[in-house]
Amino acid sequence: MLNEKAKNTAFKLLEKFGKNGIYKRQAGQIYDPKTGEMSLNYESRPVKAYIDSAKGYSNLIEKGLLNEGDSVILIAAKSLPFVPQNNDKIEFPHGTYTIKYNDAVWGGEDIALHQLVAVWK
């Protein structure tokens, strides 16, 4: 019961206050017969996410997981059918973020929220 409540709460808040973005994760490599080279293939999925500055996450700064120039991106676990990984990307109209670390927030036995440490480029 707690698991489902936590997941639904995270989802509702992010749907209301989040920004639209495209989550891209590496889905393997594709061979290009014209060039004879391999290129990365990405799986894309629309997401709603809340982007926050590093200032409010002193616990992550103390652990060395977050630098002052980084951002924290919150995504409801219910929004993604997979767990975000390092080097995945999230594209927003103002720029692209690369995931450095997923500090998942648990609601009982399941992840309710992905708290992603990311670098904006």
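Which side chain does the side chain of aspartate 70 join through a polar contact of 2.6 Å? In this predicted model, the partner is lysine 100, with the polar contact running between the two side chains.

**View 1. Aspartate 70 in the loop between α2 and β3.** Aspartate 70 is classed as buried because its relative accessible area is 7%, which falls under the 20% limit.

**View 2. Polar partners and surroundings of aspartate 70.** While the side chain of aspartate 70 makes a polar contact of 2.6 Å with the side chain of lysine 100, the aspartate 70 side chain also reaches the backbone nitrogen of asparagine 67 at 2.9 Å. Once neighbours within four places in sequence are left aside, the residues in contact with aspartate 70 are Ser53, Ala54, Leu65, Lys100, Val117, Ala118 and Val119.

**View 3. Asparagine 102 in strand β5.** Asparagine 102 lies in β5, a strand that spans residues 95–102. Asparagine 102 counts as buried because its relative accessibility is 15%, again under the 20% limit.

**View 4. Polar partners and surroundings of asparagine 102.** The side chain of asparagine 102 is joined to that of histidine 114 by a polar contact of 3.1 Å, and the asparagine 102 side chain reaches the backbone nitrogen of alanine 104 at 3.4 Å. When residues up to four places away in sequence are not counted, asparagine 102 touches Val83, Pro84, Asn86, His114, Gln115 and Leu116.

Terms used
Residues are numbered from 1 along each chain as its sequence is written. This is a predicted model: local features need pLDDT of at least 70, side-chain atom pairs count only at pLDDT 80 or more; totals for chains, interfaces and linings use all residues. Side-chain values use heavy atoms; hydrogens and water are left out. Helices (H or I, at least four residues) and strands (E, at least two) are DSSP runs, numbered from the N terminus. Buried means under 20% relative accessible area, exposed over 50%, partly exposed in between (1.4 Å probe, protein chains only). A polar contact is a pair of N or O atoms within 3.5 Å; within protein, one must be able to donate a hydrogen and the other to accept it, and residues adjacent in sequence count only if both atoms are side-chain atoms. Contact means heavy atoms within 4.5 Å.
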